[in-house]
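User: I'd like to learn how to read a model like this one, feature by feature. Can you walk me through it?

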Amino acid sequence: MKKKVIASLLIGSVAFLWAGDFNAQAEKDRKALQEYLEKKFADRKNANAFFPYSTKDELDKNFKWGIKGDDFRLGSYAYNIGGKAQYEEMNEMPPYEDAVDAGKELYENEKGIKECFPDPAIAGDYPKFVKGKGVVTLSKAIVSCAKKNNLKDWKLTKGKTAKLEGYFASVSKEKGKKVNIVIDSKEAAEAYERGKKEYYSQRGYLKLSCATCHVQGAGQRVRNEYLSPLTGATTHFPVYRLKWQGLGTLERRIKGCNKNQGETPHKPGSTWTSELLYFMAYMSNGLPVDGPDIRK
Ligand code: HEC
């Protein structure tokens with residue numbers, strides 16, 4: 001009898017240990033990435049090791065050094081002095097405020113939305129891994145709620161979905177919420193690994209990976225733009241882009257970057273896109289939710 005109790009206690013605690021372990025690799029990845037980026041932007045003195053092709057003048061004048069943790073939510077504006085000044089100018093009259101109000105209106109008045117999302121401060125909790133469904137991004141959760149309620153015109157990339165996300169993000173930010181992506185099963189850990197693999201795979205006729213530009217390339221200049229880092233890449237969505245003249249979701253941004261790397265874009269609702277976003281969002285775990293925001 002006693003033996004049985006001890007055995008079941010043992011099995012119980014082993015199962016408990018496993019449950020806590022599913023994100024172990026992701027935690028290692030997240031910390032290593034942040035450490036690499038912090039080192040890269042720590043000090044002008046180390047700059048030649050990380051930016052062998054940048055001119056001395058550029059490194060002296062265009063970069064802010066000593067960038068850490070939460071700073072990365074600003075993307076390239078964390079370290080690019082000129083870009084940051086433009087960004088602050090744009091933010092004096094945030095062009096997304098009407099969209100956030102419209103999002104609040106949708107939340108309160110569209111049929112069934114509040115029932116799907118009783119708490120609007122959830123921008124940091126997505127994507128989620130749901131057993132039987134796989135990775136569910138916030139855009140996907142919103143669109144499937146709209147479908148369930150027979151609502152029309154809800155897309156994954158922009159429009160009503162982006163406005164509602166804008167409202168969710170602004171409430172989350174106000175409440176001081178942080179990115180909090182959960183990996184708590186073997187299936188979830190596998191989805192994360194697939195997303196990571198895609199992020200680091202070379203694709204398209206240019207044979208580039210996302211990481212070529214946003215990890216090794218973070219801080220390099222491509223024409224007039226400084227490349228943003230993977231840490232903090234998802235914290236501030238939905239984003240108002242000057243190019244779009246409106247709000248767009250992460251799904252919309254990924255489509256654009258697929259084109260940047262010379263690849264036919266994957267579908268916004270595809271498993272490919274959702275698992276990639278699961279990995280990317282995990283890399284920002286612990287950073288503050290900071291959306292909506294503006295980007296060029
Ligand atoms: C050829 C280089 C290049 C490649 C490859 C590339 N991107 Fe980008 N990406 C850019 C540029 C340029 C921008 C705009 C400047 C910036 O914010 O980095 C950008 C912006 C982004 C942003 C917005 C960042 C922000 O702060 O709002 C995300 C997210 C992103 N890319 C994801 C990806 C993903 C995912 C992949 C791989 C599927 C990828 N990118 C591949 C060049 C690239």
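This is a predicted model: local features need pLDDT of at least 70, side-chain atom pairs count only at pLDDT 80 or more; totals for chains, interfaces and linings use all residues.

User: Is Arg-30 buried or exposed, and why?

Analyst: The general idea is a cut-off: buried means under 20% relative accessible area. Arg-30 has a relative accessible area of 14%, so Arg-30 is buried.

User: How many salt bridges does a search of the whole structure find?

Analyst: The search gives 16. What to look for is a side-chain nitrogen of Lys or Arg within 4 Å of a carboxyl oxygen of Asp or Glu. One of them pairs Asp-60 with Arg-44, whose closest N and O atoms are 2.8 Å apart. That pair links distant parts of the chain, 16 residues apart: Asp-60 is in helix α4 (residues 56–61), while Arg-44 is in the loop between α2 and α3 (47–50). Asp-60 has a relative accessible area of 40%, so Asp-60 is partly exposed. Arg-44 is partly exposed as well, with 23%.

User: And which residue forms a salt bridge with Asp-290?

Analyst: That's Lys-173, with the closest N and O atoms 3.2 Å apart. Here the partners are 117 residues apart: Lys-173 belongs to helix α9 (residues 159–174), and Asp-290 to the loop between α13 (271–282) and β7 (293–295). Now check each end of the bridge. Asp-290 counts as buried because its relative accessibility is 7%, whereas Lys-173, at 41%, counts as partly exposed.

User: How do I read charge on the surface? Which residues gather in a patch of negative charge?

Analyst: For patches, look for like charges joined within 9 Å, on residues with over 30% relative accessible area and no salt bridge. The negative patch gathers Glu-97, Asp-98, Asp-101, Glu-105 and Glu-108. Glu-97 lies in helix α6, which covers residues 97–109. With 46% relative accessibility, Glu-97 counts as partly exposed.

User: And which residues form a positive surface patch?

Analyst: Lys-155, Lys-158, Lys-243, Lys-255 and Lys-259 form one. Take Lys-255 as the example: you'll find it in helix α12 (residues 250–260). Its relative accessibility is 33%, so Lys-255 counts as partly exposed.

User: Let's turn to loops. Where does Thr-235 lie, and what does its side chain contact?

Analyst: Thr-235 lies in the loop between β4 (225–226) and β5 (239–241). Its side chain makes a polar contact with the side chain of His-236, at 3.2 Å.

User: Where does Ala-218 lie, and is Ala-218 buried or exposed?

Analyst: Look in the loop between α11 (210–214) and β3 (221–222). Ala-218 is buried, because its relative accessible area is 0%.

Terms used:
Residues are numbered from 1 along each chain as its sequence is written. Side-chain values use heavy atoms; hydrogens and water are left out. Patches are made of residues with over 30% relative accessible area and no salt bridge: like charges are joined within 9 Å, nonpolar side chains (Val, Leu, Ile, Met, Phe, Trp, Tyr) within 5 Å. Accessible areas come from the Shrake-Rupley method with a 1.4 Å probe; for residues, only the protein chains shown count as cover. Lys and Arg count as positive and Asp and Glu as negative; His and the chain ends are not counted. The place of a charge is taken as NZ of Lys, CZ of Arg, CG of Asp or CD of Glu. Helices (H or I, at least four residues) and strands (E, at least two) are DSSP runs, numbered from the N terminus. Buried means under 20% relative accessible area, exposed over 50%, partly exposed in between (1.4 Å probe, protein chains only). A polar contact is a pair of N or O atoms within 3.5 Å; within protein, one must be able to donate a hydrogen and the other to accept it, and residues adjacent in sequence count only if both atoms are side-chain atoms.
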